[in-house]
Amino acid sequence: MRNTRSALLNCSLHFSLLAALVLPPLVAQADPLPCQAPGRLVSISGKIMTNSMAGGESLGVLQGTVDGSNKLKCGIHGTPRFNPDGTFAGFTHSLVCDDTVTAENMVDTVHSQVISLSRFDGVPSFRSCGIPGMDLTYGAFREISEPQSGRGIFSPTGGGQLSIDGVVNCAGAVDMKFTGQVCVVR
């Protein structure tokens, strides 16, 4: 069982990181996506801790501060995205947070949620872990993430932009720090 898990981890990590190595450098969008009414752009920062999973996916947690005071803890699931020609395009990150917000109908409650599209900013700096028979890599990367939609405190139309600095190790753990702006409804 242990060898099977290692093989899956190796394949998923190698696949997503190899795809990143063959990409041309990407240039970050200069301005965040604008907020749509009734949203307003606020600061966001924090850290993300995930593990690589089979198929190039990731699963983990996000801890962040929104608008300087609203602290959130969220689950985060990353899935790889591909261009029509099959080349790696980045990740779709789905977050669901531990807060409870009154829904628009003023009766129900909802947990805040964000769907964000992320892409590498430049070429990642990955190296082989040097483990015979395994294609594991480690190194640093930068991502740009653009919220596309939200619920709870986050604008349903998305908006904003995050800059993410991360590292991945030979065990498949991915640690990231992020800063930027996001659109909220209150």
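**Figure 1. Aspartate 67 in the loop between strand S2 and strand S3.** In this predicted model, aspartate 67 counts as partly exposed, because its relative accessibility is 37%, between the 20% and 50% limits. The phi angle of aspartate 67 is near 60°, a positive value in a residue other than glycine. Most residues other than glycine have a negative phi.

**Figure 2. Glutamine 63 and its contacts.** Glutamine 63 belongs to strand S2. With a relative accessibility of 33%, glutamine 63 counts as partly exposed. Leaving aside residues up to four places away in sequence, glutamine 63 touches Ser45, Gly46, Lys47, Met49, Leu72, Lys73 and Phe178. From glutamine 63 to cysteine 74 the C-alpha to C-alpha distance is 6.4 Å, and the two residues are 11 residues apart in sequence.

**Figure 3. The aromatic pair of phenylalanine 82 and phenylalanine 88.** The structure holds six aromatic pairs. In the pair shown here, the ring centres of phenylalanine 82 and phenylalanine 88 are 6.1 Å apart. Their planes stand at 75°, which is over 60 degrees, so the pair is edge-to-face. Is phenylalanine 82 buried or partly exposed? Phenylalanine 82 is partly exposed, with a relative accessible area of 39%. Phenylalanine 88, in contrast, counts as buried, because its relative accessibility is 4%.

**Figure 4. The aromatic pair of phenylalanine 126 and phenylalanine 141.** The centres of these two rings lie 6.4 Å apart. Their planes are at 40°, so the pair is tilted. Phenylalanine 126 sits in strand S8 (residues 125-128) and phenylalanine 141 in strand S9, so placed that the pair links distant parts of the chain, 15 residues apart. Phenylalanine 126 counts as buried at 11% relative accessibility. Phenylalanine 141 is buried as well, with a relative accessible area of 8%. Both phenylalanine 126 and phenylalanine 141 belong to one aromatic cluster, which also takes in Phe82, Phe88, Phe91 and Phe120.

**Figure 5. The largest pocket and its lining.** The largest pocket contains about 250 Å³ of space. Its lining consists of 14 residues, and the closest to the pocket centre are Thr102, Ala103, Glu104, Arg151 and Gly152. Which strands each supply at least two residues of the lining? They are strand S5 (101-102) and strand S9 (137-151). Sorted by class, the lining has eight nonpolar, three polar and three charged residues.

**Figure 6. Residues 1-29 and the chain as a whole.** Over residues 1-29 the pLDDT stays under 50. For this stretch the model has 51 contacts beyond four places in sequence. Where pLDDT is low, the predicted coordinates should not be read in detail. The protein as a whole averages a pLDDT of 84, and 84% of the residues score at least 70. The secondary structure comes to one helix and 11 strands. Of the 186 residues in the protein, 41% are buried. Among contacts with a separation of 6 or more, 55% are between residues 24 or more positions apart.

Notes:
Residues are numbered from 1 along each chain as its sequence is written. This is a predicted model: local features need pLDDT of at least 70, side-chain atom pairs count only at pLDDT 80 or more; totals for chains, interfaces and linings use all residues. Side-chain values use heavy atoms; hydrogens and water are left out. pLDDT is the predictor's confidence in each residue, from 0 to 100. Contact means heavy atoms within 4.5 Å. On a 1 Å grid over the protein atoms alone, a cavity is a set of points where a 1.4 Å probe fits but cannot get out, and a pocket is an open set with protein on both sides within 12 Å along at least five of seven lines; lining residues have an atom within 4 Å of a point. Grid points are joined across faces, edges and corners, and a volume is the space filled by probe spheres set on the points. Helices (H or I, at least four residues) and strands (E, at least two) are DSSP runs, numbered from the N terminus. Ala, Val, Leu, Ile, Met, Phe, Trp, Tyr, Cys and Pro count as nonpolar, Asp, Glu, Lys and Arg as charged, and the others, Gly among them, as polar. Rings of Phe, Tyr and Trp (its six-membered ring) pair if their centres lie within 6.5 Å; planes under 30 degrees apart count as stacked, over 60 as edge-to-face and the rest as tilted. Buried means under 20% relative accessible area, exposed over 50%, partly exposed in between (1.4 Å probe, protein chains only).
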